[in-house]
Amino acid sequence: MATGFEIHDLVWAKMKGFPAWPGKIIEPKPEVKRPANNKKVHHFIFFFGSENYAWIPEENIYLYSDHRDKFKLEKRIPKGFKEALEAIEDELKEKPFIKTFKTKELPSIDEELAQIFPGKPSGSPQKDYTREPLKGKKKKRTDAGKDGNKSMETQNTVRRKRMSNSDDNPKPKKAKVIAKVTGSPSKITLSPDHKLKPKIRAELPSPRPEHNLPMSPPSHSYIQASLSPGNASASTQIEETLLKVKPVAKPSIIPTPMRIGFLGLGIMGQGMVMNLLRSGHEVTVWNRTALKCRDFVKSGAFKGNNPAEVVQSCDITFSCVADTTAVKDLVFGNYGVLQGISKGKCYVEMSTIDEETMQDVAEAITARGGVFLESPVVGSRVPALEGQLIILAAGERKLYDECYSCFEAIGKKSLYLGADIGAATRMKLIVNMVMGTVVAGLAEAMAMAEKVGLDQEDVAEVLSVGALSCPTVIHKSQAILSQRYDPHFPLQHQQKDLRLALLLGDKVEQPLYVASAANELYKKARRLGYGESDISAVYRAASN
Ligand code: NA7
């Protein structure tokens with residue numbers, strides 16, 4: 001069928017339910033199935049920003065140069081959209097000539113959403129912890145355009161270079177690296193004197209032939225699942241105070257020569273990966289939102305295209321993602337962890353989830369010949385960045401020992417709690433139950449103080465000098481005073497942990513009056529829209 005589009009054309013491409021998104025027509029990837037509906041002409045689109053790709057019907061594709069400003073969003077701008085625009089603009093500048101032809105009108109995202117959700121007001125605010133402007137909080141521009149504009153083709157020509165331990169290419173045992181946060185509010189880069197790895201953008205080679213992945217129809221596919229351009233939320237939020245975060249001095253760590261994989265670059269994963277790189281480990285990263293990998297690749301990490309590929313190419317793969325659903329998707333999904341597991345491959349699950357799912361994952365991994373360790377961590381953003389987490393582990397002891405240098409890099413203490421999978425999760429839930437109840441109590445106290453005519457600053461000061469003085473009480477009272485709820489530990493994760501703790505209490509008929517009440521307060525805070533804010537935003541529910 002005749003079509004006006006060609007490979008390399010810069011376009012707006014629209015997926016249902018998302019705004020038109022900056023993209024480029026590229027050669028199809030053989031691993032992504034063509035759509036079943038052959039009647040329509042489809043093009044294979046690379047989405048800027050999210051660095052994903054998908055088949056899109058031609059009727060939903062518009063030449064970028066013809067519609068340059070037309071689909072720019074003024075409101076309800078999804079995360080990653082600005083980076084995608086910068087990337088396409090940069091690429092446009094490099095084009096020798098600009099092709100044009102006029103195409104028809106696209107429905108706006110508002111029109112489309114109005115069809116999907118009739119009755120929902122189009123201007124409804126998004127859940128976004130930044131929606132309450134905070135005094136002195138600067139909005140920073142990301143520099144996504146600098147690197148994010150590289151085409152998939154370009155990226156793919158840069159091949160993975162393994163660091164060997166040969167004399168030609170010695171791996172430093174220790175590097176002086178200062179954590180530095182630049183660009184978008186939570187962008188982590190290592191300082192320019194970071195010389196652990198060659199500064200290349202590296203893509204993993206295709207899976208080794210002996211591990212060809214089954215191409216079964218996806219229940220959840222890591223190619224399909226990451227298609228939504230709206231997932232391009234690389235604008236993570238490490239605020240300026242973290243510019244000051246310096247790694248805590250540790251005795252020199254001798255990094256394991258094993259190849260380390262890391263799945264999940266959320267708040268916790270980012271800090272952990274940074275410390276693994278800093279201590280000289282060879283790390284391959286993957287994140288559902290691919291853009292979050294970029295700064296780590298710049299700092300020497302390799303990038304996997306999907307979880308299975310990371311597991312296949314690494315000896316030990318760690319994972320730290322949001323919750324039970326995320327873990328199930330990640331492990332059992334198409335191109336998921338399980339498809340990369342073969343005899344001897346090691347997998348360490350660091351997410352905080354229910355113990356039954358942890359056991360299911362362990363069973364599935366070991367059934368394929370893999371080795372499993374559960375290893376949730378205690379700590380939030382700053383301890384993760386400083387390498388001061390507490391690592392709780394249960395499962396295969398040999399794997400725990402093999403993780404020694406990694407645990408040294410990311411934590412201040414690690415505890416092996418035995419072979420019984422679930423023990424580490426239970427410990428983590430109990431610790432976080434205490435955390436959740438303490439912060440909920442503090443929130444109620446601060447709310448009441450105001451109502452009885454006390455100065456909240458005075459309350460915070462009294463708490464900080466008395467027996468209740470501890471980092472949590474001090475930092476969370478400051479957050480409440482300043483109304484800065486930038487997420488160090490997202491409130492929705494705290495509520496998840498309380499929910500999981502309550503389920504655990506059910507199983508053993510342990511009454512949990514205090515934790516139940518705290519859970520209700522966190523639920524209310526989520527309903528008020530503070531799920532992605534810091535746990536301290538529970539104050540909003542208490543004072544409301
Ligand atoms: P964040 O900062 O909320 O990050 C969550 C991470 O999980 C992030 O990398 C997400 O990818 C990823 N995620 C979420 N859902 C999925 C699915 N369905 N598939 C794959 N990946 C997913 O959490 P934290 O880092 O603070 O916490 C992580 C865990 O440690 C959690 O269990 C806590 O309780 C403790 P995205 O970037 O959104 O694409």
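Predicted model: local features only at pLDDT ≥ 70, side-chain atom pairs only at ≥ 80, totals over all residues.
Which residue of β15 does Glu374 stand opposite? Residues are numbered from 1 along each chain as its sequence is written, and side-chain values use heavy atoms, with hydrogens and water left out.

The residue opposite Glu374 is Ala394 in β15. Strands, like helices, are DSSP runs numbered from the N terminus (E, at least two residues, for strands; H or I, at least four, for helices), and two strands are taken to pair if DSSP finds at least two bridges between them. Strand β15 spans residues 389–395. Strand β13 (residues 371–374) runs antiparallel to β15 and is joined to it by 2 bridges. Strand β14 (residues 377–378) is likewise antiparallel to β15, again through 2 bridges; here Val378 has Ile390 as its bridge partner. With β16 (residues 411–416), in contrast, β15 pairs in the parallel sense over 5 bridges, and Leu389 stands opposite Gly411 of β16.

An open sheet of 5 strands is formed in the order β4-β3-β2-β1-β5, with antiparallel pairing. On average, neighbouring strands are turned by 45° against each other, direction ignored. Within this sheet, β2 (residues 21–25) and β3 (residues 42–47) are paired antiparallel over 3 bridges, and Lys24 stands opposite Phe46 in β3. Helix α1 (residues 81–93) packs on the sheet and touches β1 (10–13) and β2 (contact: heavy atoms within 4.5 Å). The direction of α1 makes about 40° with that of β2, where axes are lines fitted to C-alpha atoms, for helices over the stretch in contact, and angles run from 0 to 180 degrees between N-to-C directions.

Elsewhere, Met448, Val452 and Leu454 make a nonpolar surface patch of about 330 Å². Such patches comprise residues with over 30% relative accessible area and no salt bridge, nonpolar side chains being joined within 5 Å; a salt bridge places a side-chain nitrogen of Lys or Arg within 4 Å of a carboxyl oxygen of Asp or Glu. Accessible areas come from the Shrake-Rupley method with a 1.4 Å probe. Leu454 lies in the loop between α14 (423–451) and α15 (456–465) and, with a relative accessible area of 53%, is exposed (over 50%).

Conventions: Patch = residues over 30% accessible without salt bridge, like charges linked within 9 Å, V, L, I, M, F, W, Y side chains within 5 Å. Buried < 20%, exposed > 50% of the residue type's maximum accessible area, 1.4 Å probe, protein only.
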